[in-house]
Amino acid sequence: MSNSKKDTVTLIDNSTGKEIELPILRPSNGTPTIDVRGLYRELGYFTYDPGFLSTASCRSSITFLDGEKGVLQYGGYPIEQLAKHSTFLEVCYLLLDGELPNEKELKQFTTIITCHTMLHEALKRFYSGFRRDAHPMAIMVGTVGALSAFYHDDIDIRNPEHRIIAAHQLIAKMPTIAAWSYRYANGLPFTYPKNNLSYAENFLHMMFSMPTEEYTPDPYYVKALDLIMILHADHEQNASTSTVRLTGSSEANPFAAVAAGIASLWGPAHGGANESVIRMLVDIVDSDKDAQYYIDRAKDKSNKFRLMGFGHRVYKSHDPRAIIIRQTCHDLLKNLGENNEYQELFDTAMELEKIALEDEYFVSRNLYPNVDFYSGIILLAMGIPLNMFTVIFSMSRTVGWISHWNEMIQDPESRIGRPRQLYNGALPRDYVDIKTR
Ligand code: CMC
């Protein structure tokens, strides 16, 4: 091994006296990583790390995150700068390519995405197989998975051009699939995409326009949706992205791999948090108690209740996305004016935010409102139904998923994902005939 002592850690097996020097891999930014690949071969041990708390599952150059400092960067660009100056489609280009596009490249990319927004007409019939009350996320899992049936034979995943075409198709078609899941559940006619609209405008148009009258999306909503999509576009190796990588590691069809990612995102511990924020606000408004009562309940250790939309597993100082989106949320509520149908919910949210930001319990534990607190309120203010919140998240995250899939397929170190286990079951025993059991 050519590593100097400084670049290794030594692991000693006290039961046998054997030792192994494990190389330390240095990232371009962030936490050094111990390469344990030789461990089983040399010492005959696996490592145990449920939930991957200390395990890097791959090398990646797409997104950098530092939870202690509250840093999020796509391709090295701070999320604050991208949120201020960029657009969702430009961010998509950056995540896929690793570099920001020049004007010509962005124009070309925008044209390609705009030209792929239509769905195969046969896919329309697929929707009618779902019950009317199907959750839109169930429709998303099914329909995106079904895209693999339409594109399977055309894709050679070892061909970089084919991979990029698949990425473009997914980014382009997600808003149409997402909006149609809402239209179907509400018995509304499917609305076709329009090429003269921006990505966010097109989604709002397909969600809300009616054949009977003109619909122009509110520019405030278009801007807010674009921002929400930028902030949710990638978050390195989260559960759904890791699911897409693991599924794709068997060389599965990328549309099927992304469908697996959507399924993972659907869980309340992952993409469902903004929905929980609104459900909590509804509970508070419907109760006869005030915001302070719920704050006290969240602080009470004998009570399991937690303030939804506060705290974060990775961001321990602050969630940089929440800081960016907070102002948009406040501006949007101001723009809506008073006496709108959700006024009481919004007042309650602002009261909770105010009390929590000043309360010693929350301040000392760094329990600031996270991105989902604000994105939930913004989506509600835009008239987006609650069960579409995670669908919008999946639409935004598709570019992250497919960029990671593309990176994984190209990575010479990447192999089929196959975790080990710590077996706790029965020892070998003989089969017993059913009559004598
Ligand atoms: N309300 C009240 N107390 C809380 C909350 C909360 N929302 N979150 C954490 N705490 C307390 C917790 O009781 C503990 O107190 P103590 O030190 O006295 O025992 C301390 O803060 C640390 O909490 P933790 O459980 O160790 O923190 P964690 O990193 O395991 O949990 C979390 C992070 C996000 C699961 C948690 O903060 C939480 O449940 N928040 C509410 C749900 C939520 O908003 N989830 C969305 C997260 S963003 C998702 C995304 O980025 O995709």
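This is a predicted model: local features need pLDDT of at least 70, side-chain atom pairs count only at pLDDT 80 or more; totals for chains, interfaces and linings use all residues.
- Strands here are DSSP runs of E with at least two residues, helices are runs of H or I with at least four, and both are numbered from the N terminus.
- Two strands pair if DSSP finds at least two bridges between them.
- Three strands make up an open sheet in the order β1-β2-β3, with antiparallel pairing.
- β1 and β3 sit at the edges with a single partner strand each, so one side of each has no neighbour in the sheet.
- β1 (residues 8-12) pairs with β2 (residues 19-25) in the antiparallel sense, over 5 bridges.
- In that pairing, T10 has E21 as its bridge partner, and L11 has I20.
- The two strands form a hairpin with 6 residues between them, and G17 in the turn shows a positive phi of about 80°.
- On to β3 (residues 33-34): 2 bridges join it to β2, and the two run antiparallel.

**The β4-β5-β6 sheet**

- There's also an open sheet of 3 strands in the order β4-β5-β6, again with antiparallel pairing.
- Its edges are β4 (63-66) and β6 (77-78), each with a single partner strand, so one side of each lacks a neighbour in the sheet.
- β4 and β5 (residues 71-74) pair over 4 bridges in the antiparallel sense.
- Within that pairing, the bridge partner of F64 is Q73 in β5.

**Salt bridges**

- A salt bridge means a side-chain nitrogen of Lys or Arg within 4 Å of a carboxyl oxygen of Asp or Glu.
- By that rule the count comes to 15 salt bridges.
- R59 bridges to E413, with the closest N and O atoms 2.7 Å apart.
- That pair links distant parts of the chain: R59 is in the loop between α1 (39-43) and β4, E413 is in the segment after α18 (389-410), and they are 354 residues apart.
- For exposure, buried means under 20% relative accessible area, exposed means over 50%, and partly exposed is in between (1.4 Å probe, protein chains only).
- R59 is partly exposed at 45%, and E413 is partly exposed at 37%.
- D35, R37, R59 and E413 are linked in a network of salt bridges.
- E353 pairs with R326, the closest N and O atoms being 2.7 Å apart.
- E353 lies in helix α15 (residues 343-358) and R326 in helix α14, so this bridge ties together parts that are 27 residues apart in sequence.
- E353 counts as buried at 4% relative accessibility, while R326 is partly exposed at 32%.
- D288 forms a salt bridge with K289, the closest N and O atoms being 3.3 Å apart.
- D288 is exposed at 74%, and K289 is partly exposed at 37%.

**Positive patch**

- K301, R306, R313, K316 and R365 form a positive surface patch.
- Patch residues have over 30% relative accessible area and no salt bridge, with like charges joined within 9 Å and nonpolar side chains (Val, Leu, Ile, Met, Phe, Trp, Tyr) within 5 Å.

**Positive phi and a buried leucine**

- Most residues other than glycine have a negative phi.
- E251 has a positive phi near 70°, and it is found in the loop between α10 (239-248) and α11 (254-266).
- N366 has a positive phi near 55°, and its place is in the loop between α16 (360-364) and α17 (371-381).
- E251 is partly exposed at 47%, and N366 is partly exposed at 31%.
- L204, in helix α8 (residues 199-208), is buried with a relative accessible area of 1%.

Note on methods:
Residues are numbered from 1 along each chain as its sequence is written. Side-chain values use heavy atoms; hydrogens and water are left out. Accessible areas come from the Shrake-Rupley method with a 1.4 Å probe; for residues, only the protein chains shown count as cover. Lys and Arg count as positive and Asp and Glu as negative; His and the chain ends are not counted. The place of a charge is taken as NZ of Lys, CZ of Arg, CG of Asp or CD of Glu.
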